Amino acid sequence: MEKNEILKKVETIFRSVFDNNSLVLTTETSALDIPEWNSLNHMILISEVESAFSIRFKLRDLNMMRNVGDMIDLIASKL
Amino acid sequence: MFEEYILNPFLNAVKQFGNRNAFCIDGKFHTYNEFAGYVSTIQHALSLKKAGNGNIGIVVNDDIETYASIWAVWLQGYAYVPLHPIQPIERSQEIIQQAEITIVIDSSSQSKITGTDIILSSELEIISDLITVVETSPDSLAYILFTSGSTGKPKGVMISRKNVGAFMRSFWQTGFKVSEEDRCLQSFDLTFDVSVQSFIVPLTRGACTYTIPHDQIKYSYVYGLLEDHKLTFGAMAPSMIRYLRPYFNEIEAPSLRYNILTAEASPLDLVDEWANCIPNADIYDFYGPTEATIYCTYQKYNRGKDNKQLNGMLSIGKAMPGVEAIIIDDDGKPLPANQKGELCVSGDQLTPGYWNNPEKNKSSFFETIHNGKTERFYKTGDSCYFDDDGDIMLSGRLDHQVKIQGFRIELGEIEYHAREYFKGRNAVAMATGNNVGNTILILVIEGKESNTDGILSYLKTKLPPYMIPSGFRFIEQFPLNASSKVDRIKIKSLLNL
């Protein structure tokens, strides 16, 4: 899957978790840009992404994730 | 006491351990010498201004200038009032107005604060590392923390220098041994008082403080710090540990020597599992309202043995040295063991009161004769009892205060703003558990279901992120109880919350 495709799919997940259909993600988007991106929503995001892509993150992977770009690279590495 | 337990040990640490690391912030290390440079520079800038009542606002970013500002304020004889950059600016301005703040120190490149003198701390040129101590009375304030208020406005808890000194003296008396070799976690927002313990302990011992950047997800970042930097000391909220639970089999942190669980009740089953991830740590549960300065009761967790619990939550143990705890009935009379009542605490850690709030000061504190002496007590609002050994068992709240990630929240404050928005429609806020067992907020609105975008964005301009409801529900007409009040219990069961 192309990274662009992954981004689109991740964007759909973000829109549903944050209940915001106008949310536009870039690789630079981080928790600073989305005030609701807290530990609770992060946990929900992670489990939604895991099931959408049929992958499983390790805690070490999560720790490396600083923004959406990191998340996409990580997903790509697991596919 | 503030000099003896906080300022002097810090100055000694600077002198003795100048080349050792004082901070690791966002992966970057800063030595004690560097830190002292920031402190003295900000102190100098502060000394050139007229500080009014001595309450200095600090915009609490996660950077070296912010921590240096706190120490500069203390060394200059003033008190700090933290203003969180993520909370709505309206709330910060409300706090500035209430505390009559005339100077704000902000490390942001551009400050969002208006109407006060601003010191942009990151633009100051480092001048020297000469720190001076401006003498002041022990009754002068060290900080004011604004917590949620049920009337719709945050209320300020004043903590004096004597309070913080008494706390640190008591904390060391409980037996912790921390040295310049330690690496200590600071995982709490600076608007929350456990942060004060989390940076004073290392900085008065020459140890290094590791902080959490605001753009990071706390639980995974803390794991990274434990793993990469082999932390040895850290206070954590159980709700953060709960997020780590699905990954416990990946976590092994033998370097951790001390782990303090605090800010909310500790579930025994969680602690039992967590203890395996930190095999060498002494685990403690510490309890305390902001009004009694950080912590006031504690107990050590017994590894592999029975631990006292009530409804699955660890006992909060006994009062710390210098603190007295009693449990009273509705008439204010002390209760014997095994009878439930309100926990009240006294001692040198007790706040002088709420800032400019005579009503609340009258209702929250009282004097009584205890052990032959007249003592002033604070009513915690926590329902507790002593067991036969004198250990305190915590059973819940007597009012509508809830804790989200350790933050105290008055449901009434959320409801106040919701009613303001709806102008006439009633709304109640409720706390409920999410799928991992952490507490979340739901706002229940009376009337027909309608779009919630408007109320959501309104609340975001009034309340900090941790007070924003995670969901909205509707009930055509609220059920009432026998005394014609909205029946919260019924609503909860109607909605399966």
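**Two chains, read feature by feature**

Guide: In this predicted model, 14 residues of chain A are in contact with 19 residues of chain B, where contact is taken to be C-beta atoms, placed from the backbone, lying within 7 Å of each other. Because the model is predicted, local features need pLDDT of at least 70 and side-chain atom pairs count only at pLDDT 80 or more, while totals for chains, interfaces and linings use all residues. Residues are numbered from 1 along each chain as its sequence is written, and chains are lettered from A and ligands numbered from 1 in the order in which they are written.

Visitor: Which elements give two or more residues to the side of chain A that touches chain B?

Guide: Elements here are DSSP runs numbered from the N terminus, with helices being H or I over at least four residues and strands being E over at least two. On that side of chain A, the elements giving two or more residues are helix 2 (39–53) and helix 3 (59–64) of chain A. By class, the touching residues of chain A are seven nonpolar, five polar and two charged, with Ala, Val, Leu, Ile, Met, Phe, Trp, Tyr, Cys and Pro counted as nonpolar, Asp, Glu, Lys and Arg as charged, and the others, Gly among them, as polar.

Visitor: What do the overall numbers for each chain look like, beginning with the secondary structure of chain A?

Guide: Chain A has four helices and zero strands, in the order α-α-α-α along the sequence, whereas chain B has 13 helices and 28 strands.

Visitor: What share of the residues of chain B count as buried?

Guide: A residue is buried if 20 or more other C-beta atoms lie within 10 Å of its own, exposed if 12 or fewer, and partly exposed in between, with C-beta atoms placed from the backbone. In chain B, 47% of the 497 residues count as buried, while in chain A the share is 24% of 79. Helix 6 (residues 194–203) of chain B is mostly covered, with 10 of its 10 residues buried, among them B:Phe199, B:Ile200 and B:Pro202.

Visitor: At what angle do helix 1 and helix 2 of chain A pack?

Guide: Axes are lines fitted to C-alpha atoms, for helices over the stretch in contact, and angles run from 0 to 180 degrees between N-to-C directions. Helix 1 (residues 3–17) and helix 2 of chain A pack at about 140°, with their axes 10 Å apart. That makes the two helices oblique to each other, since angles under 35 degrees count as roughly parallel, over 145 as roughly antiparallel, 65 to 115 as roughly perpendicular and the rest as oblique. Helix 1 of chain A contributes A:Lys9, A:Val10, A:Ile13, A:Phe14 and A:Val17 to the contact, and helix 2 of chain A contributes residues including A:Ile44, A:Leu45 and A:Val49. The residues of this contact are eight nonpolar, one polar and two charged.

Visitor: Which residues of helix 11 of chain B meet helix 12 of chain B?

Guide: They are B:His417, B:Ala418 and B:Tyr421, and they meet B:Ile455, B:Tyr458, B:Leu459 and B:Lys462 of helix 12 of chain B. The axes of helix 11 (residues 411–422) and helix 12 (residues 453–462) of chain B come within 10 Å and cross at roughly 130°.

Visitor: What is the phi of B:Ala263, and is B:Ala263 buried or exposed?

Guide: Most residues other than glycine have a negative phi. Phi of B:Ala263 is near 80°, a positive value, and B:Ala263 is buried, with 26 other C-beta atoms within 10 Å, in the loop between strand 12 (258–261) and helix 9 (268–277) of chain B. Phi of B:Asn311 is also positive, near 50°, but B:Asn311 counts as exposed, with 11 C-beta neighbours inside 10 Å.

Key
Contact = placed C-beta atoms within 7 Å.
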